[in-house]
Structures are given as C-alpha cells and as structure tokens.
Amino acid sequence: MRAVSEQHIGRPRRVVADLPAYRPGKGAKQAEAEHGIENAIKLASNENPSEPLDAIVQAVCDAARGLNRYADHRAGAVRQALATRLGVDVERVTVGNGSVGLLQQVALTYLDDGDEALYPWRSFEAYPIYTALAGAESVQIPLAPDLGFDIDRLIDSVTPRTRVVFLSTPNNPTGVAMTTKEITTLVEAIPGDVMVVVDEAYREFLDPGFGDPITEVVPRHPNVLVMRTFSKAHALAGLRIGYAVGHPDVITDVDKTLVPFAVNALAQAAALAALEHEDVIAQQVQAILAERARVEVELAADGWELPNHQTNFVYLSLGARADDIAYELEKRGVVIRPFSGEGIRVTIGTPEQNDRFLATLHEVARP
Ligand SMILES: *Cc1c(COP(=O)(O)O)cnc(C)c1O
C-alpha cells in the first residue's frame with residue numbers, strides 16, 4: 001500500500017490535478033512578513049486605491065439586514081438598471097460573480113473536451129485556467145513586439161475546433177486596447193459560431209475614441225459577448241459583481257451555468273447604488289487617469305519605453321530582469337505584479353503611493 005502522502009486523496013480530474021493553485025497578487029501584509037519590513041504598499045491587483053463611496057457602503061449596510069433571505073438569483077433590479085444605463089433590452093444583460101465568474105460560465109457553456117480557446121498572450125490569467133478546467137485547449141497567439149494585438153494571426157489561427165476567442169481589451173497586463181473597428185475586423189473574418197468574448201474590465205479607463213463594442217459590435221454580431229465589472233473603477237473588487245451584454249439567446253445559455261445565488265445580496269445593493277453615482281465615480285476615474293499620466297511622464301523622463309496604456313495600471317517590459325526588479329521593489333515595500341522573464345505591471349495608487357513606486361524604481365533599476 002502506498003503512503004497517503006504519495007497519492008492524491010480521491011481522484012481529481014487530470015486537468016485539475018495538473019492545474020497550479022491560483023495565486024492572487026501578493027498583499028502588503030504578506031510582503032511585510034516575508035521581508036521583515038513595515039509600511040508596504042500593494043500595487044499588484046489593479047484595485048481602486050479609494051474606498052467605495054459612502055452611499056455605496058450605506059446601501060451595503062442596509063442590505064445586510066436582509067441577509068437571512070436568499071438574494072434575487074437573477075438580480076432583476078441590477079439587470080434592469082444596467083439595461084437602462086446602457087440603452088439595451090434587459091434580455092441582453094446578465095450578471096455574474098465578478099467578471100471572472102462570468103468567464104468561468106462562458107467556458108462551461110461553450111468549451112468541451114478537445115475544443116480550442118484562442119487568445120492573445122500575454123493576457124489575463126483566468127483564460128488558460130478556465131479553458132483547461134473545461135478540458136479544452138488554449139491556443140495562445142503572441143502579442144506583437146510593441147505589445148499590440150496580432151489580429152491577422154488570431155484570424156489565421158481559428159480552426160474548426162475553435163469555440164471561443166478571449167480578448168482582454170484593454171489588455172491585462174499590458175494596458176493596450178483594440179478599437180471597435182479592429183474587433184469588427186476580427187469578428188467578420190471568423191465563423192459566426194465562434195463566441196468572441198470582449199473582456200472590458202478596464203472599460204472606464206479607456207479613451208472613448210476606441211469605440212464602444214456594446215453599441216457598435218454586439219447589435220450586428222450575435223456571437224460577441226461584452227463583459228464589464230464593478231471591481232476596478234467602482235472600487236468594489238471585494239464584493240464580486242460583473243456583467244455581460246450580448247444576444248438574448250447567448251445570455252440565456254450563459255445564465256444556465258450561474259451557481260445559484262452566486263451574485264450575493266450585498267453585491268446587488270452595491271451595484272444599484274454605484275449606478276446611481278456614476279458621475280462621482282467618473283470623476284474618480286479622471287483623477288486616476290491624471291495620476292497615470294503623471295507616472296507615465298516621470299517614467300518616460302527616466303527613459304522607460306511605455307505601451308499606450310488605457311488602464312489603471314502601467315506595464316514595463318523588463319525581459320530577463322523582471323523577477324529581480326520585482327524582488328528589489330518588494331524588499332523596499334512596493335508590491336507589484338511580476339511576469340517572469342517579461343515585465344512588471346504596476347497599479348496606479350494614491351499620489352503618495354505612486355511617488356513611492358517612482359522613487360523606488362529609480363533607485364533599483366534604469367532602462
Ligand atoms: C480584474 C479583471 C477582471 C475582473 O474581475 P472581477 O473582479 O472578477 O470582475 C476581468 N478581466 C480582466 C482582464 C481583469 O483584469
């Protein structure tokens with residue numbers, strides 16, 4: 001008999017056993033403990049540095065009194081409020097447990113053993129994970145040297161097995177975005193039964209000149225699903241609510257895979273309150289964008305070459321130096337997100353946090 005430590009307990013599916021455990025961005029407390037330091041700052045997960053608005057916190061507290069009841073599984077009020085806000089029929093809107101939850105639902109809905117999911121790479125970590133969990137294969141198309149999308153190669157890489165294309169635009173972690181014209185070029189060049197997921201987690205930080213896929217692409221292409229979230233611009237990452245807009249039949253299919261009550265009552269209350277205060281949230285977004293511009297100017301003055309960021313973070317290509325520089329920053333209390341052998345992603349924080357990042361980077365690395 002083999003010792004228990006030599007074998008798995010139970011028999012996880014091969015794809016699960018092979019999957020590495022999910023590693024979220026390192027927290028400030030963890031970095032402090034690891035390096036024996038104080039006052040670490042976390043710029044690793046693209047969170048909003050501000051607390052949610054008071055009105056949102058109040059709505060969440062009020063909703064807490066109803067926690068003895070199950071929430072509205074379909075989140076009807078939130079869907080209706082989103083539909084009104086976006087100017088689409090409510091049948092075209094669904095919500096999920098964060099947009100990551102919706103990405104998992106898309107994988108469960110459209111990917112089977114032997115199917116392929118196609119996406120640019122480097123991009124969002126959830127795409128390979130949910131593709132693998134569905135038993136499907138990832139086909140990753142390298143970004144262009146300037147970190148832009150290689151649309152021609154994406155189109156050429158669609159095969160009869162391709163069921164889903166994931167497009168993070170603006171892209172995490174590079175910050176580079178596609179225009180709706182580019183998205184349309186891709187969609188029109190591939191078969192209509194391939195689902196194209198346009199993951200706009202950073203929508204609110206995007207220059208409007210890139211266009212709006214909800215008004216410009218979804219109405220003409222039923223195989224396009226656009227996802228957005230309350231986690232970044234709305235400062236609600238801890239509550240878990242994201243949404244998707246697409247053809248009513250797509251919404252119906254994706255909805256079938258939603259874990260019952262996965263969008264909890266507090267998240268629903270917060271989303272409704274957030275939608276009533278979009279003007280204030282838009283001002284906060286402008287302040288973050290102004291800070292990003294300031295950080296970019298300072299980095300450029302130091303000689304760093306930067307991509308065309310459309311996000312609440314910046315990306316530095318560092319090649320083989322990425323891990324070392326990330327470690328030196330972290331030792332000095334600036335926790336960012338490294339991509340081994342490629343670069344680092346740094347979230348825009350408060351002005352003080354951004355100054356600290358700039359000064360520390362200046363100390364540990366030059367272009
Ligand atoms: C942050 C992020 C998400 C979202 O997150 P939720 O918190 O699950 O809504 C989705 N896609 C990308 C590309 C992201 O960076």
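Domain bounds here come from an automatic or database domain assignment. The model is predicted, so local features need pLDDT of at least 70 and side-chain atom pairs count only at pLDDT 80 or more, while totals for chains, interfaces and linings use all residues. Residues are numbered from 1 along each chain as its sequence is written, and side-chain values use heavy atoms, leaving out hydrogens and water.

**Stop one: the second largest pocket.** Select R85, R203, E204, F205 and R228, which lie nearest the centre of this pocket among its 24 lining residues. A pocket is an open set of points on a 1 Å grid over the protein atoms alone where a 1.4 Å probe fits, with protein on both sides within 12 Å along at least five of seven lines; lining residues have an atom within 4 Å of a point. Now colour domain 1 (23–46 + 279–364) and domain 2 (54–276): each gives at least three residues to this lining. Helix α12 provides the largest share, seven residues.

**Stop two: the largest pocket.** Its volume is about 1400 Å³, counted as the space filled by probe spheres set on the grid points, joined across faces, edges and corners. Select Y22, R23, P24, G25 and E125, the closest to its centre of 47 lining residues. Then show α6, the source of the largest share, six residues.

**Stop three: helix α13.** Helices are DSSP runs (H or I, at least four residues). Select residues 322–331; A322, I325, A326, L329 and E330 are buried, meaning under 20% relative accessible area with a 1.4 Å probe, protein chains only. Look down the axis: these buried residues fall within an arc of 135 degrees, so they line one face of α13. Finish at G333, which follows α13 and has a positive phi, near 85 degrees.

How values were computed. Buried means under 20% relative accessible area, exposed over 50%, partly exposed in between (1.4 Å probe, protein chains only). Helices (H or I, at least four residues) and strands (E, at least two) are DSSP runs, numbered from the N terminus. The arc is that of the directions from the helix axis to the C-beta atoms.
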